[in-house]
Amino acid sequence: MSKVSFIKSDDRKYNIDRCLSLIKSEIMAGVKNAKRIVVKPSCFIEDFQLAATHIDALDAVLNFIKPYTKSQITIAEGTTIGDTMKAFENYNYLKLQEKYDFAVVDLNVDE
């Protein structure tokens, strides 16, 4: 059975970090032996932030899981409208690449 956590505050990064910390043991068990970890933000359209995962949320997720794994982390998504890589640029996801050293996959064109 999967566990769920819920937090309410005005701080997006705090919310993500606190929710993940409440289910930390399940996350650690999942990433511990993983060969690759895929994080899939939501980017429905390339240039409308309200229809996409906010960079603060993605940063918080990566910040939380990075200390628990040596595996390659991949950010993967395929926009419905527009270009996925352009969406990653528009939403500043690629600025996190240096900090977390993740791979990027466009699910619309990559295997």
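Rings of Phe, Tyr and Trp (its six-membered ring) pair if their centres lie within 6.5 Å; planes under 30 degrees apart count as stacked, over 60 as edge-to-face and the rest as tilted.

**View 1. Phe88, Tyr91 and Tyr93 are linked into a cluster by ring pairs.** The model is predicted, with local features needing pLDDT of at least 70 and side-chain atom pairs pLDDT 80 or more, while totals for chains, interfaces and linings use all residues. Residues are numbered from 1 along each chain as its sequence is written, and side-chain values use heavy atoms, leaving out hydrogens and water. The whole structure holds 3 aromatic pairs. One of them is Phe88 with Tyr93, tilted, at 5.6 Å centre to centre and 50° between the planes. Tyr91 and Tyr93 are also tilted, at 5.9 Å and 45°. Tyr93 is buried (under 20% relative accessible area; exposed is over 50%, partly exposed in between; 1.4 Å probe, protein chains only), because its relative accessible area is 0%. Phe88 is buried at 1% and Tyr91 at 3%.

**View 2. Val39 and Leu62 touch the most other members of the largest nonpolar core, which has 24 residues.** Such a core is a set of buried Ala, Val, Leu, Ile, Met, Phe, Trp, Tyr and Cys residues joined through side-chain atoms within 4.5 Å. Helix 3 (55-65) is among the elements giving two or more residues, and its 5 residues are the largest share. Helices (H or I, at least four residues) and strands (E, at least two) are DSSP runs numbered from the N terminus.

**View 3. Leu62 contacts Val39, Ile73, Ile75, Leu96, Tyr100 and Phe102, leaving aside residues up to four places away in sequence.** Contact means heavy atoms within 4.5 Å.
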